[in-house]
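Subject: A structure for you to explore

Hi there,

Here is the structure I promised to pass on to you. Please open it next to this email and look around while you read.

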Amino acid sequence: MAKTKAVFRCSACTHEVSKWVGKCPDCGAWGTVNEVAVSASAAAPGRRAMLPSTAAAPLSQIDAKVTQARSTGVSELDRVLGGGVVPGSVVLLSGEPGVGKSTLLLEVAFRWAAARAETALYVTAEESAGQVRLRADRTGAVHDRVYLAAESDLSIVLGHVEQVRPTLLVVDSVQTMLAPEVDGVIGGVTQVRAVTAALTSLAKATGIAVLLVGHVTKDGNVAGPRTLEHLVDVVLQFEGDKNSSLRMVRGIKNRFGSADEVGCFELHDDGIACVDDPSGLFLHHRTDTVSGTAVTVAMDGKRPLVAEVQGLTVKTEIPQPRRAVSGLDYNRVAMVLAVLQSRGKVFLGKHDVYAATVGGMRLVEPTADLAIALAIASAEAEIALPAGWVILGEVGLAGEVRKVTGLGRRLAEAERLGFTTALVPPGSEKTKTGSMRIHEVGDLRSALRLAELRKSRAPRATVSVE
């Protein structure tokens, strides 16, 4: 029997030390050093070469058809995955509790079984089989080819896979699974890594597509060791505000496609639905124009989203006026207010200023700077911006309006929704905008004059002194 010895290895950087320490001396992470048992022969240098079971083949002779994506039946999820799930791949879906991860994956399992004569196995280690059945009844995800197993033992789960022989395996969640042959508590670093490695090996050996649910920490990162994200092929982040029905799936890592795509969903009492055109959710549809509103186009990944920014100014007598922000970066809005007062001569020292987005959208990119400035200036002057305007541009501290990326795609989305006029930075790339009128503004004052929020001042008369 091969001899083994104990070493202490960091789960974050794999650095080894001779004894346990609280902080890794290499990467500086706390609480990541764990005791592992390794074979003495494996640790010794100069191991003998072994004949491989499968010979290496030229890259040109590798069949690429086996890794073609297969649709899950959920269009927005297919968009983020790059067309669908690749057989033999492992997808990790992380998100906060109650955001709708289990509901989404149960819907994926149902549509996978309904669209083709194949089976899907849904393994839950957090809920009972009755609880999952109640959710399936509520969302209409009951199908004869969707099998359910309420197990937390990895060995028993592998036995279910051999009996059912599914083409899609959903594990909810990886932090609640237990590998009996590995020491450590459930949800610990050693257990999570061992369970994920075993499921990854299963996927590669059998061609089963595996979908894993992962917990997140207080910071919003995937719980567990950093090697967990390296073991899987795709990492998705499921986001959403509990006060809103809108949900977003963002690609963080994708070995089979782009990691910049975003999928939009709407969570209802009877399930989750795809939102193919989410721009309408972030606009307030009204028949007349109102002061203090401006429309811009944000890029969420590769998807343009038309968003409305609202501003409100109220006179106050307190020495320090209030600044309240919702859906925007507070520091960015504070900078825009300073530039608006210094360069645009819009004095707000005796006004409470409120700035927000519509529909619960989170808007943090600098492209919305000019829209924020014009919305607040419109509220202060009580003059509404012309109907059909879309405003794009980053505002610098000198009051200049800087270029934005993806201008053509942004303008195309705005024109599709019926906007007729665009305020853009000067020197932008030439884009085909059809009938949309383009106004280039070089600085904040030019934008305010174009919107008729500030009149241009006449030059001062010079006085000669003899």
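Below is what was found in it, going from the whole chain to single residues.

First, some ground rules. This is a predicted model, in which local features need pLDDT of at least 70 and side-chain atom pairs count only at pLDDT 80 or more, while totals for chains, interfaces and linings use all residues. Residues are numbered from 1 along each chain as its sequence is written, and side-chain values use heavy atoms, with hydrogens and water left out.

**The whole chain**

The C-alpha trace spans about 110 × 55 × 55 Å along its principal axes. The chain has eleven helices and 21 strands; these are DSSP runs numbered from the N terminus, with helices being H or I of at least four residues and strands being E of at least two. Of the 466 residues, 44% count as buried. Here buried means under 20% relative accessible area, exposed means over 50%, and partly exposed is in between, with a 1.4 Å probe and protein chains only.

Take the contacts (heavy atoms within 4.5 Å) between residues at least 6 apart in sequence: 65% of them join residues at least 24 apart. The chain exposes about 24,300 Å², and carbon and sulfur atoms supply 51% of that area. Accessible areas come from the Shrake-Rupley method with a 1.4 Å probe, and for residues only the protein chains shown count as cover.

**The pocket and the cavities**

Both terms rest on a 1 Å grid over the protein atoms alone: a cavity is a set of points where a 1.4 Å probe fits but cannot get out, a pocket is an open set with protein on both sides within 12 Å along at least five of seven lines, and lining residues have an atom within 4 Å of a point. Grid points are joined across faces, edges and corners, and a volume is the space filled by probe spheres set on the points.

The largest pocket holds about 650 Å³ of space. It is lined by 28 residues, and Glu239, Met248, Arg250, Met361 and Arg362 lie nearest its centre. Which strand gives the largest share of that lining? Strand 9, with four residues. Strand 9 (234-240), strand 10 (246-254) and strand 13 (293-300) each supply at least two lining residues.

Searching the whole structure turns up four cavities of 30 Å³ or more. The largest cavity has a volume of about 50 Å³, and its lining consists of Leu77, Leu81, Val91, Leu93, Leu105, Leu211 and Leu236.

Start with Ser94, which is found in strand 4 (residues 90-95). Is Ser94 buried or exposed? Ser94 counts as buried because its relative accessibility is 0%. Leaving aside residues up to four places away in sequence, Ser94 touches Lys101, Gly214, Val216, Val222, Leu236, Gln237 and Phe238.

Next, find Gly280 in the loop between strand 12 (271-274) and strand 13. Gly280 has 31% relative accessibility, so it counts as partly exposed. Gly280 and Leu305 are 25 residues apart in sequence and 8.7 Å apart in space, C-alpha to C-alpha.

Finally, Leu281 also lies in the loop between strand 12 and strand 13. Leu281 is partly exposed, with a relative accessible area of 34%. Not counting residues up to four places away in sequence, Leu281 touches Leu246, Val275, Val358 and Gly359.

Enjoy exploring!
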